[in-house]
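Colleague: Before I use this model, could you take me through its salt bridges, sheets and helix packing, one question at a time?

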Amino acid sequence: MLFKFTNLLIFSTFLFHFINTHAQINNQKPIVAIVINENETDSTANEKFKELFNKYTNNAWGTAIPVANQAIDVLKKRKNNKFVTYWHRQLGFLYLKHDIYTLALDVYYSGLKYTQNLPVEKAYLYNDIARIYLSMNIDLYHAERYLLSSLKIQEQIKNQNTKKKLQAYTNNQLGIIYERKTKYKKARAYYKKALDMRLQIKDTAGLANSYYTIGYFYNSTGNKDSALFFYNKGLEIAKSADMKISYLLKRALIYALKNKFDLALADIDNAMALANTQLNKDLSRILKTKSEIYDYQENTLKAIELAEQALAEADKYNQSSIKLKLYPLIISYYKKQKNYRKVSDYQAAYFNFYRLKYKEREKIIQKYILKKEDKTISLLEADRKKLQKTNRMMYLLIAALLILLFASIILTIYYFKNKQKLNENSLKVKTQAIIAQILGNITGKERNIEEFLQNALKIILEIPWLRFETKGAIFLTNEEGNLRMVAHENLGASLLKMCAIVKPGECLCGKVLKYKKTLHCDHVGDQHDFRPEGMTPHGHYNIPFLFHNKVLGVLTLYLKEGHKKEEYEVKFLETVAASISSVINRKSIQEKLRLQAIEQEKLNQKLFAQKLELEQRNIEIKQYAKQQDALNQKFFAQTLELDQRNIEIKQYSKKLEEQKKQIEEAHRDVTDSITYAQTIQEALLPKKEQLDALFQEYFIFFQPKQVVSGDFYSAQKVGDKLVFTVADCTGHGVPGGFITMLGITFISELIHHREVKNSAEILEILRTNIKGIFAEFGTKNTNGFDISFCVVDTKTNVLSFAGAYNSLYILRNGELIEYKGTKNPIGWHPKETTFTESKVQLQNNDIIYLFTDGYYDQIGENKKKFLRKRFKMLLTEIHDLPMKEQKRILKGIFDKWKGKEPQTDDVTVMGIKWKM
């Protein structure tokens, strides 16, 4: 009876310690709740929960948690295990997003209880658990084990499409694990296996994910070209705006590292266009990446402007993860500028945001722990009452069955088993009471961490029901990553000196720091690196203080030699260590904030000095203002004179206005004529439908300088011959437009009325015709055009090329091959030479480029031409992209180079990917 009374007293003390906190939470009404009618189907109820959960999951994730818990409770009562498992996954992922790994694991493990006969859901949960261990990046063995278990379970799935999708995802995750382990060959094998499966079932979304993962792998291992290859492939098939944006941002950073800033910024512009079109929340990360690109260019002012815009966007959508990256980035920019005031402002904002985020996160954790403790206490109380009732019955039965000795022995054994269970529950309550006693010493009055740890060590060593020696120490991990002794009991002077600092891997404590696991040793053995003179035989418990898988310190307790490891002792010590870890972490944050305050004060002093300097400058400004007043009086006199002149100017302006109206009427007539000329010219150029019928993959970048173009292009098929050209006529605007019409007409007539075999012969006839047209204006007139003329025999795939000044480029296997034209125009030339033909045997996927000189002759804002050399390099860099993407990049870079400068000439670039 005395034993039972003692247990009840300890339990009551522990319950009283938490009652006030629990009452506050339990008395609150739920923030959100959904009313579910009994007549509603499980699917309807589930959709209601989804709608409310999605409403809060991004902007008020703390409110989303009770929604998920209510969904679990309601659907559990309805015995719909599939939906119950779904909500365990949703809640676990919410905790994972906010780095609360322990709670996420707890939720996922709880969900496993409901996956009997549900292989798909069980496999998903195993993958989720593996993802947690992968996110923590400290226990890759467990991550690998759960993924392999998931693959075994997937064999039970009957739907082959679902099965293949899950297998591909799991293999992809295994590839990430082996990449982390630097086993790159094995990682590539798993990535390929996942990719092959997704190709087999035509899983477009999965393929986009695979290409992204493989691209990231090559990027992180330094193979930028291979990374670009896979990012390009993924970009071709990605459907969602978010995925396309992710690809573009990764590719932009690689271009920036290669100093190809034009291509990098073109990708940023495309990502921005997608974000604006889809009205999504990706602007913050796009602006952050653009800021980093300008930082690579050492344009810190622009980098700051973009980073601050990104921060404003992240604020708008409460994107805490990206804000945590943006604050340090902006601080680093202002440090480069030595703008300490801004550094101070953003450091204060950063720590305030971090403190609020940490406070919100801890509030969620505390609510979860209290809820779980409530459940544990209720179960313990129920067990205790049940055991008491059982024991009372046992007393009666033992008295009644004394006659039957055999039955008496059986019931006595049962009695002692129940008594042992009661003792175990009593141990749990004692453990909570000890924790309450330890934690009680951090409240009431402000103590530093070392006083708290010294007191905690003393309490642990004085526990009467544990068989520890009254010797021990507590270490904390310092900034260098070593252990520093901060509390000790009954240790000798030589040991205190020897163990003042312990490095990772040294002695027992250092091994705990390195491997992050509890260590037991029952004698002085090889693991003891530190052996002071006079050391007596003993053993050890060494327990890490873990907080989010980071070792904050180590508790070491001395044991008698030969003391065997007891699981209840280890469990007790690890439970106590977990509670102490929370206190250490909180005190660590408080210390960081205190140091921040000191740094803030230093910055304030610096700002005060700057303020004094500004006041001195204000005095100088006032003196300057007096001088300015004298000048203003003089200026006033001049203003009067100007007013008189303005009156005269207004009278003159009326005359100019009348003349302007007359000129505008004349200009309108001319403009109408030019617009009509443009309509005629566009009618002569081939339509998109005609080009689509002739070429599988192509683009035409056609940008006239004025309304009417002096450039033209054509493409026609006559029998087995495919004829396509790009030409640049003398001049531009209306005069050039008239010549383009002549050129298009002559070419069309020639290829339809003559057998087209030799491209050079066609150019000879064209020259004769053009010279004949302008003969009456004299033999030396310069009317005519430059041209690239191609004829392809579609049976033999042989291309016949002839050029008048213009060249032909073919890109094959990454190499640019140039075929130069004859240095004569289609028209009069003082040194006339015969046009020559070049024959090319085309190969599959050759890229053919025809163009005029308008692109590379364009003058940029730096007053320099783009040049043919840069044009060739650009085509080489983009040739493996889709043809539409090439056109978009060519236009983007041209417009960026031109800037505010006027367009120099008409521009035409034709690109054709030859398919056999």
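What follows is a conversation about a predicted model, moving from salt bridges to sheets and then to a pair of helices.

Colleague: How many salt bridges does the count come to?

Modeller: The rule asks for a side-chain nitrogen of Lys or Arg within 4 Å of a carboxyl oxygen of Asp or Glu. Applied to this predicted model, the count comes to 32 salt bridges.

Colleague: Glutamate 885 and arginine 251 meet in a salt bridge; how many residues apart are the two?

Modeller: The N to O distance between these side chains is 3.2 Å. Glutamate 885 lies in helix H27 (residues 883-898), whereas arginine 251 lies in helix H12 (residues 241-257), and the pair links distant parts of the chain, 634 residues apart.

Colleague: Are those two residues, glutamate 885 and arginine 251, buried or exposed?

Modeller: The cut-off for a buried residue is under 20% relative accessible area. Glutamate 885 has 10% relative accessibility and so falls below it, and arginine 251, at 2%, does so as well. Glutamate 885 is therefore buried, and arginine 251 is likewise buried.

Colleague: Which helices does the salt bridge between aspartate 295 and lysine 336 link?

Modeller: The closest N and O atoms of aspartate 295 and lysine 336 are 2.7 Å apart, and aspartate 295 is buried with a relative accessible area of 18%. The two residues are 41 residues apart in the chain, aspartate 295 being in residues 283-296 and lysine 336 in residues 320-337, which are helix H14 and helix H16 respectively.

Colleague: Where does aspartate 846, the partner of arginine 812, lie in the chain?

Modeller: The side chains of arginine 812 and aspartate 846 meet at 2.7 Å, N to O, and both residues are buried. Arginine 812 belongs to strand E12 (residues 808-812), while aspartate 846, 34 residues apart from it, is in the loop between strand E15 (838-841) and strand E16 (847-851).

Colleague: Turning to the sheets, which are the edge strands of the open sheet of five strands?

Modeller: The order of this sheet is E7-E17-E16-E12-E13, with antiparallel pairing, and the twist from one strand to the next averages 15 degrees. An edge strand pairs on one side only, and this holds for strand E7 (697-703) and strand E13 (815-819).

Colleague: Which residue is the bridge partner of phenylalanine 699 in E17?

Modeller: E7 pairs with strand E17 (residues 907-913) in the antiparallel sense, over seven bridges. Within E17, the partner of phenylalanine 699 is glycine 911.

Colleague: Which strands does H27 touch where it packs on the sheet?

Modeller: Helix H26 (residues 868-878) also packs on this sheet, touching E12, E13, E16 and E17, with a direction at about 35 degrees to that of E12. H27 makes about 20 degrees with the direction of E7, and the strands it touches are E7, E16 and E17.

Colleague: In the hairpin of E12 and E13, which residue takes a positive phi?

Modeller: E12 and E13 pair in the antiparallel sense over five bridges, leucine 811 having leucine 816 as its bridge partner in E13. There are two residues between the strands of the hairpin, and the one with a positive phi, near 55 degrees, is asparagine 813.

Colleague: What is the strand order in the open sheet of six strands?

Modeller: The edge strands here are strand E3 (501-502) and strand E4 (519-521). Strand E1 (residues 472-477) and strand E2 (residues 483-489) pair over six bridges in the antiparallel sense, and helix H19 (residues 449-461) lies across E1, E2 and strand E6 (550-559), at about 50 degrees to E2. The order is E3-E2-E1-E6-E5-E4.

Colleague: Are H15 and H16 roughly parallel or roughly antiparallel to each other?

Modeller: The axes of helix H15 (residues 300-316) and H16 come within 10 Å and cross at roughly 155 degrees, and the crossing is left-handed. Angles over 145 degrees count as roughly antiparallel, and therefore H15 and H16 are roughly antiparallel.

How values were computed: Residues numbered from 1 in each chain as written. Predicted model: local features only at pLDDT ≥ 70, side-chain atom pairs only at ≥ 80, totals over all residues. Heavy atoms only, no water. Helix = DSSP H or I, 4+ residues; strand = E, 2+ residues; numbered from the N terminus. Buried < 20%, exposed > 50% of the residue type's maximum accessible area, 1.4 Å probe, protein only. Pairing = 2+ DSSP bridges. Axes fitted to C-alpha atoms, helices over the stretch in contact; angles between N-to-C directions. Contact = heavy atoms within 4.5 Å. Parallel < 35°, antiparallel > 145°, perpendicular 65-115°, else oblique. Left-handed = near helix turned anticlockwise from the far one by under 90°.
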